[in-house]
Amino acid sequence: MPDFLLVLPLLILGIGIFVALALSRSGWTASRMGGLLLFFPLAAFGVTLYAFSLAPEGKALTFSLPWVPSLGLNFSLYLDGLSALFALLITGIGTLIVLYAGQYFGDDSSAWRFLTYILLFMLAMLGLVLAGDLITLFLFWEATSISSFLLIAYKYKDEAARKGAFKSLFITGGGGIAMLAGFVFIMSISGGADFKTIFASGDLLRNSPLYPVFFTLVIIGAFTKSAQFPAHIWLPEAMSAPTPASAFLHSATMVKAGIYLLARLNPAIGNTDLWFWVLSIFGVTTMLVGAYLGFKQNDLKPLLAYSTVSQLGVLVALIGQDTEIAFKALVISILAHALYKSALFMSAGIIDHETGTRDIRKLGGLRKQMPIMFGIISIAALSMAGLPPLFGFLAKETLLASATHPSLPAIVDLLFPLTTVLAGAFILAQAALLVRGVFLGAPADEKHPPHGHDPKIWFWLAPGIPAVLSLLIGITPVEPVFLVDFLAAAAKAAYGAKVKVSLALWTGINVPLILSMIAITLGALILWQRGRIRTWMMNLLPNFTLNTLFNGTVSGLDSLAETATKLQRGQMRFYLRVMILSMVAIVLLFSRIPLTMFTQNLHWDIEGLNGLRAFSLVMIVMASLASLVIRRDLHAVIALGVSGLGVAIWMALDPSPDVALVQIVVDILSTIILILSLNILPRKQRNKANELLHSRRGMTRDILVAGLAGLVMAAITFTALNTRPRDSVVAPYYAENSKPLTGAKDIVGAIVVDFRAADTMIEIMVFAMAGLGIYTVLHFASRKAGEHSQAEKTKLNAEHTPLGIHGLPTSPLLHLLAYITLPLALMLGVTHMMYGHDMPGDGFTAGVVISLGIAMWYIIFGYEETRRKLPWLNRVTLIASGLTLSLLNAIGGAIFAGGVAAPVDYGAMFGLPLPPGFGLTNSFIFEVAIALTVTGTATLILDNLGRPRDEEKEAFEELASIKEQA
Amino acid sequence: MNILTSLAVGILFAAGIYQILRRNVIRAAIGLVLISNAVNLFLFSTGAYNGQAAAYSTATAQISDPLPQALVLTAIVISMGGFAFVLSLLYVISTRYKTSDSDEVKGLKN
């Protein structure tokens, strides 16, 4: 059962969110809602503590739920000392924050929104620290980015809040994406996403050649989240969030996520030189930058925010060191910082709430008016300053001990203690400034002294508890064993080995103590000379900010997006050009065709070049070029047909009669369909479009694009033909087996209807679907355009004058031709089907030949007349019977020959008297099926594309009026 | 031979690309046929050997590779089906946008 306990805190917070949402319409005041909702994080705190107490010594509790098993993804949770430390801080301080937020918003009944966001954020944060694998961690990580966005932008009418929220989302979200990429590397190297696997493959990860890559990516994620220099710029601006949110985000949660990640992964990817140096350099820099910037502030919240930045730098630098003492310092610092910083933030909010300002230039002398707050802030500030007997002193002592640890590299021997002392002095000065500026002395602004009084107990209790804890842990004469054990467990999880933790304040006179004294003295000096130092700092580095860089990046991205959008201008030809040029670019970049391939093979071998070949080449080239330059569409279409015939001749010369035959008939049929379709586009429209055809600039550009594409295509063909393997395994197999296995002399025919029968079956289905697709498209288009009402159709039917495709009367001689051709085409088609197995031609040819005969009727008699005269021509029946027949034939093969579409000779089986050279085989039946389907589909196409449109109807009406006049 | 085939394929392809870049949509349809001819010719030429005789089991000379032929045979018919479908789309363009000029088809945006 302890496993399930891990999910429980998350579930409790989830329920809390729903309760908060449900309260949205209750009209409750914020303080009342806060009073109720605080029990959810409190319960989560209790359950986490209980679950952790159940965990066996030194072992982690895990919970796993399959999520996407095929990808090896699980939703898993993990609770060890480190997660427990963070989880308890989150829920513990979370409880106080909810209480505090309720009091902060007071009577505001719309604050349910804020409380919901806070709980949402808390859930995300808790999930992050409880996550048991990298993917779950990443999900919650992003959830914290988004929910903190909501919190920071809570006062969304305020532009500063929106900007600050965007900035934090942009920086932390971007870091999160880098981190995900790093996680993917780690997962693929260690072979799993869960922490157990990752910890077990620590050496593998550290020795991987990709270590610098995923290290950098993960570090980017952690540093952006934990506001390390130079990504620290989002944190002060996030101060535009309401104070309860700032207190929560910046004391115990959001900014600690990066620290948690680094500490969590330290056993797996830490303890390398790169790790040490990167973390140390960035940590120390951040520490100094934060301390320095914080000292410049007058507003309480940014002051605290920068001291947080400084503290985060310390934590990062500590994780970088691979010493026991560093991890002891880490856990103590995390706890100490969370306690005093949350107390200070919440107190700053109370000061703001009661006096109406947070600016120390307007505060001062509040000692007597707000004695309780004075006490709370003083305790917390002393802890922050690192003065005895507070918990913060202990944190600083261990920190200094770790900075002077002999195992550190010699170069940092002096640097680490020095910077730590310097930053400590600045932080001390900040803390003193805070207390002095708000409470001591006289009001800074004599004319407008601040007014305020201590709030109700529930309000000051929230900062009071952590402040008192800071004091208690420091002064308690007996070491609290459970706390020591707890911190030791957390440090052990991060360090990877046992860490001894003690909470004794007095450890004798030693180096850390001396350094501590120096820091305190220095801090006092800074405080004393603060006016001078501040002016000096302002002058020295007036514009020490990275916001310019951030703003530049953002506006750069904006304009990039704008450019990308401009590419999508809704002009199809432009898209085509982009696609074609991209194709050309891809081929040129990645094909890696060696140039020698061309130089070696580029000789005009005239082998195989005869008169006919030359003729067909000239035909292809001339006709396709002619189709480009000819202005009239009809003539261009005919030129296209000629070019297709040239291709057919080329194919026939190879020699391959079957393909050439199909190419010929299909080419003719395509040309006819195209000619018929010319009239679906009104001539006026086409002429208009054609007039635009010859703008010189566009032409040059298109010729360039087309020429480039043609060159690349020719190069591909040339390479393919020169490098193709010259021995085929498949071809000899077909050549040897076509006669014995299928009884076919025509190997190509055998492949089409026997060897690859299933393929062919699917292909005729595709063809039929194309026909049905045309029917559907035109049907819906006509219905939308409101054409072809039924009444009109009957009227047209009554007209018996045969009219050709363009609505013009055709001559009787042509009628006779049509009458003769169709039966001939049918006969030819049947012959193809019967003898296609031994001769050129097959079902496809047969179908297209028959369709050609029918097409002729459409041209000569027009749509209506053809429909009337050929009632047997039911395209749907033809397609259906063709497809059914092909299926039955395949099943027949399965029944009689033991394999789907296996060869069966039904003629021989039933002893039918058949003419010589013709066998009633399954191949023949399949050919018939193909022919039926192709005929049906081609008819369907002709039917739909050759149907009379507006222009034709006009012609009809014109003709009718002429008749009437006569 | 290879150079001639490459030439034929390249020119057919270039002509097809040029046509589909025209504003008149019927020209684009013509371009499509040219391109499919180019591709079919290309596939057709990739047989393992250039034969002396047609691919019949009775042939005495070296036969041409039957496999690409069989593939191209069906491909030719299918490309006709696809091409006819494109023509029906042209009709939709013409009725819905009252134009044959692809630049005036503005429905692609928004």
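A: A residue counts as buried when its relative accessible area is under 20%, as exposed when the value is over 50%, and as partly exposed in between. By that rule, buried residues make up 55% of the 966 residues in chain A. The model is predicted, and what follows describes that model.

First, the setting. Chain A contains 42 helices and two strands. Its radius of gyration is 42 Å, whereas a compact globule of 966 residues would have one near 30 Å. Along the principal axes, the C-alpha atoms of chain A fill a box of roughly 120 × 70 × 60 Å. Of the contacts in chain A between residues at least 6 apart in sequence, 79% join residues at least 24 apart. The accessible surface of the chain is about 40700 Å², and carbon and sulfur atoms account for 69% of that area.

Next, the charges. Chain A carries 65 positive and 59 negative side chains, with the centres of the two sets 10 Å apart. Over all chains, the structure holds 13 salt bridges.

One of these salt bridges pairs Arg875(A) with Asp943(A), and their closest N and O atoms are 2.0 Å apart. Arg875(A) and Asp943(A) are both buried.

Salt bridges with shared partners also form a network, which joins Arg573(A), Arg577(A), Arg701(A), Asp702(A) and Arg22(B). Within it, Arg701(A) makes a salt bridge with Asp702(A), the closest N and O atoms lying 3.5 Å apart. Arg701(A) counts as partly exposed because its relative accessibility is 31%. Asp702(A) has a relative accessibility of 0%, so it counts as buried.

A further salt bridge is formed by Asp352(A) and Arg358(A), where the closest N and O atoms are 3.3 Å apart. Here both Asp352(A) and Arg358(A) are buried.

Notes
Residues numbered from 1 in each chain as written. Chains lettered and ligands numbered in written order. Predicted model: local features only at pLDDT ≥ 70, side-chain atom pairs only at ≥ 80, totals over all residues. Heavy atoms only, no water. Salt bridge = Lys/Arg side-chain N within 4 Å of Asp/Glu carboxyl O. Buried < 20%, exposed > 50% of the residue type's maximum accessible area, 1.4 Å probe, protein only. Helix = DSSP H or I, 4+ residues; strand = E, 2+ residues; numbered from the N terminus. Rg over C-alpha atoms; globule rule 2.2 N^0.38 Å. Contact = heavy atoms within 4.5 Å. Areas by Shrake-Rupley, 256 points an atom, 1.4 Å probe, with all protein chains shown as cover. Lys, Arg positive; Asp, Glu negative; His and termini not counted. Charge placed at Lys NZ, Arg CZ, Asp CG, Glu CD.
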